[in-house]
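Let's take a walk through this structure together. Have the sequence and the 3D view ready, and follow along one stop at a time.

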Amino acid sequence: RWLLRALGVPRPEVVEWNPPELLSMIWLAWWCALALSVTALVFTRRPRDLVHLAILGLTAWQACGHRRHIAFFAILFGFWVTPHVDSLLQRWQERRTDSAPPRPWPLPARWAALGVILAAIGAMTCELGHRLQWIRVRVDEYPVAALQYMADQQLGGNLIVGFNWAQYALAAFGPPAPDRPPVKVAFDGRFRTCYPQQVLDMFFDFFLGDAPPAQRYRSPLSPPVDPTRILEYKNPTLILLSRAQEYPAKILHSQRDRWTVLYQDSLAQLWGRRDIYDDPDHPDYLPPEARILGDAEQHGVVPWPALPQMRN
């Protein structure tokens with residue numbers, strides 16, 4: 001029953017659940033693959049497997065509705081559709097042979113084509129080998145330095161963090177450990193499998209505001225939009241934002257009497273509660289000299305999982 005309810009609720013806040021655009025160069029390869037699949041399956045001379053057709057149809061339907069499912073169709077295309085594409089090419093070759101026999105390639109052209117193919121295989125092999133050795137994490141996309149700062153200062157508590165970074169924060173601080181304070185996130189990519197819709201609505205009220213239905217969904221049972229409600233729910237102590245997220249930053253600037261910036265670089269901002277980090281009598285007080293407030297450029301890559309080094 002839960003699964004049926006979840007499938008019936010839209011999730012426009014997550015980009016990968018949106019459909020691929022029809023008039024976009026980014027998704028041109030997908031539409032070409034879909035058109036080639038239909039053409040090959042219609043004109044093939046090979047027998048068609050009804051089970052394959054049914055599963056291909058289901059994955060194509062889901063891929064047209066949600067771009068995240070294109071990968072599943074691509075995998076099935078490689079296994080099941082390519083023989084039919086080969087049959088289609090054979091039919092086309094036979095028609096060309098009937099009208100005009102093909103002229104063989106000159107020997108230099110054959111050697112040149114072979115050289116290009118071998119060079120491409122070599123380049124792909126080198127790139128694949130490099131990627132198999134280590135997975136690159138771009139520090140201009142993930143808050144590597146901000147999480148390291150949290151680890152260095154032993155910051156913990158309830159954390160509000162952007163959707164794209166939440167599971168990274170969970171990996172860095174989520175598992176309980178005796179040498180660091182626990183960190184709990186307000187919301188992460190598990191979405192409705194872990195969080196009730198009312199929590200989702202609070203989270204996106206803060207990060208997106210009263211956006212139109214094409215950009216977000218709200219439960220009719222939730223109270224009116226209030227971007228500050230999540231700042232009170234379960235007493236959050238830290239907020240980690242991307243500098244590109246202007247709306248929640250604007251909300252926090254209106255709450256400067258209660259929140260202050262503890263860390264800032266060109267990518268991320270870490271906010272903390274003033275009654276904790278500005279109070280010299282509080283055990284978690286963070287003096288001004290321990291705070292980093294700048295615009296240091298974040299560039300380069302680090303090996304996955306890019307977890308912060310914990311202080312002894």
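Is Phe163 buried, partly exposed or exposed? Phe163 has 22% relative accessibility, so it counts as partly exposed. On this scale, buried means under 20% relative accessible area, exposed means over 50%, and partly exposed is in between (1.4 Å probe, protein chains only).

Before going further, a word on the ground rules. This is a predicted model, where local features need pLDDT of at least 70, side-chain atom pairs count only at pLDDT 80 or more, and totals for chains, interfaces and linings use all residues. Residues are numbered from 1 along each chain as its sequence is written, and side-chain values use heavy atoms, with hydrogens and water left out. Helices (H or I, at least four residues) and strands (E, at least two) are DSSP runs, numbered from the N terminus.

Now back to the rings. A pair of aromatic rings is described by the distance of the centres and the angle of the planes. Rings of Phe, Tyr and Trp (its six-membered ring) pair if their centres lie within 6.5 Å; planes under 30 degrees apart count as stacked, over 60 as edge-to-face and the rest as tilted. Searching the whole structure turns up 14 aromatic pairs. One of them joins Phe163 and Phe191, edge-to-face, at 6.2 Å centre to centre with 90° between the planes. This pair links distant parts of the chain, 28 residues apart: Phe163 sits in the loop between β2 (157–161) and α7 (166–173), and Phe191 in the loop between β3 (183–185) and α8.

Stay with Phe191 for a moment. Phe191 is buried, at a relative accessible area of 8%. Its ring also pairs with that of Phe204: the centres are 6.4 Å apart and the planes are at 45°, so this pair is tilted. Because Phe191 lies in the loop between β3 and α8 while Phe204 is in helix α8, the pair ties together parts 13 residues apart in sequence. Phe204 is buried too, with a relative accessible area of 5%. Phe191 also has a positive phi of about 55°, although it is not a glycine. Step back, and you'll see ring pairs linking Phe163, Phe187, Phe191, Tyr195, Phe203, Phe204, Phe206 and Phe207 into a cluster.

Next, follow α8 to another helix. The axes of α8 (residues 197–207) and α9 (residues 246–253) come within 7 Å and cross at roughly 85°. That makes α8 roughly perpendicular to α9. At this meeting, Asp205, Phe206 and Phe207 in α8 touch Tyr247, Pro248, Ile251 and Leu252 in α9, with contact meaning heavy atoms within 4.5 Å. Six of the residues in the contact are nonpolar, none polar and one charged.

Now jump to Arg67, in the loop between α3 (50–65) and α4 (70–99). Arg67 counts as buried, at 15% relative accessibility. Leaving out residues up to four places away in sequence, Arg67 touches Val15, Glu16, Asn18, Pro19, Pro20, Glu21 and Trp27.

Our last stop is the segment after β8 (301–303), where you'll find Pro305. The peptide bond from Trp304 to Pro305 is cis, with omega near 10°. Ala306 is found in the segment after β8 as well. Ala306 is not a glycine, yet it has a positive phi of about 55°. With a relative accessible area of 10%, Ala306 is buried.

Technical notes:
Axes are lines fitted to C-alpha atoms, for helices over the stretch in contact, and angles run from 0 to 180 degrees between N-to-C directions. Angles under 35 degrees count as roughly parallel, over 145 as roughly antiparallel, 65 to 115 as roughly perpendicular and the rest as oblique. Ala, Val, Leu, Ile, Met, Phe, Trp, Tyr, Cys and Pro count as nonpolar, Asp, Glu, Lys and Arg as charged, and the others, Gly among them, as polar.
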